[in-house]
Amino acid sequence: TLPAPAPATVYREPRQAMVVGAEGQTIGVTGRGLVTGEPARFRAAPDQAWQPVASWAGPWPVDDQWWDEAAARRLARFQVVGVDGSAFLMIVEGGQWWTEATYD
């Protein structure tokens with residue numbers, strides 16, 4: 001469960017994103033739900049500039065539809081705040097980052 005407040009804008013289709021550490025390495029989540037590094041910079045969408053991470057929270061692992069092998073999904077949600085104050089609900093699934101929502 002995500003902590004309050006809920007995001008104000010939820011995108012119909014998630015936007016491709018990127019989150020990297022201080023050395024430029026992609027940040028991920030292990031099978032045990034551990035973050036592989038400290039998020040340092042992110043892009044909330046391909047057309048947005050990189051920005052430093054001011055703060056972040058998570059991961060919140062999700063094992064969606066685990067009972068159905070064909071539909072099962074494993075992902076982790078994060079809240080990420082940029083130095084400009086913009087805040088996003090993001091997920092990482094299969095090593096790919098997505099922005100699901102914005103906190104306006």
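Reply: Start with pairing: two strands pair if DSSP finds at least two bridges between them. Helices (H or I, at least four residues) and strands (E, at least two) are DSSP runs, numbered from the N terminus. Here Met90 stands opposite Thr99 in strand 6. The model is predicted: local features need pLDDT of at least 70, side-chain atom pairs count only at pLDDT 80 or more, and totals for chains, interfaces and linings use all residues. Residues are numbered from 1 along each chain as its sequence is written, and side-chain values use heavy atoms, with hydrogens and water left out.

Me: How many bridges join strand 5 to strand 6, and what lies in the turn?

Reply: Strands of a sheet pair through backbone hydrogen bonds, either parallel or antiparallel. In this case strand 5 and strand 6 (residues 96–103) are antiparallel and joined by seven bridges. Ala87 has Tyr103 of strand 6 as its bridge partner. The two strands make a hairpin with two residues between them, and Gly94 in the turn has a positive phi of about 60°.

Me: Which residue takes a positive phi in the hairpin of strand 4 and strand 5?

Reply: Gly85 does, near 95°, and that hairpin has four residues between the strands. Strand 4 and strand 5 pair antiparallel over six bridges; Gln79 is bridged to Leu89 in strand 5.

Me: In what order do the strands close into a barrel?

Reply: Six strands close in the order 1-2-3-4-5-6, with antiparallel pairing. From one strand to the next the twist averages 40° (axes are lines fitted to C-alpha atoms, for helices over the stretch in contact, and angles run from 0 to 180 degrees between N-to-C directions).

Me: Is Ala57 buried, exposed or partly exposed?

Reply: Buried means under 20% relative accessible area, exposed over 50%, partly exposed in between (1.4 Å probe, protein chains only). Ala57 has 26%, so it is partly exposed. Ala57 belongs to strand 3 (residues 51–64). Not counting residues up to four places away in sequence, Ala57 touches Phe78 and Gln79, where contact means heavy atoms within 4.5 Å. Strand 5 is largely enclosed by the rest of the structure because six of its seven residues are buried.
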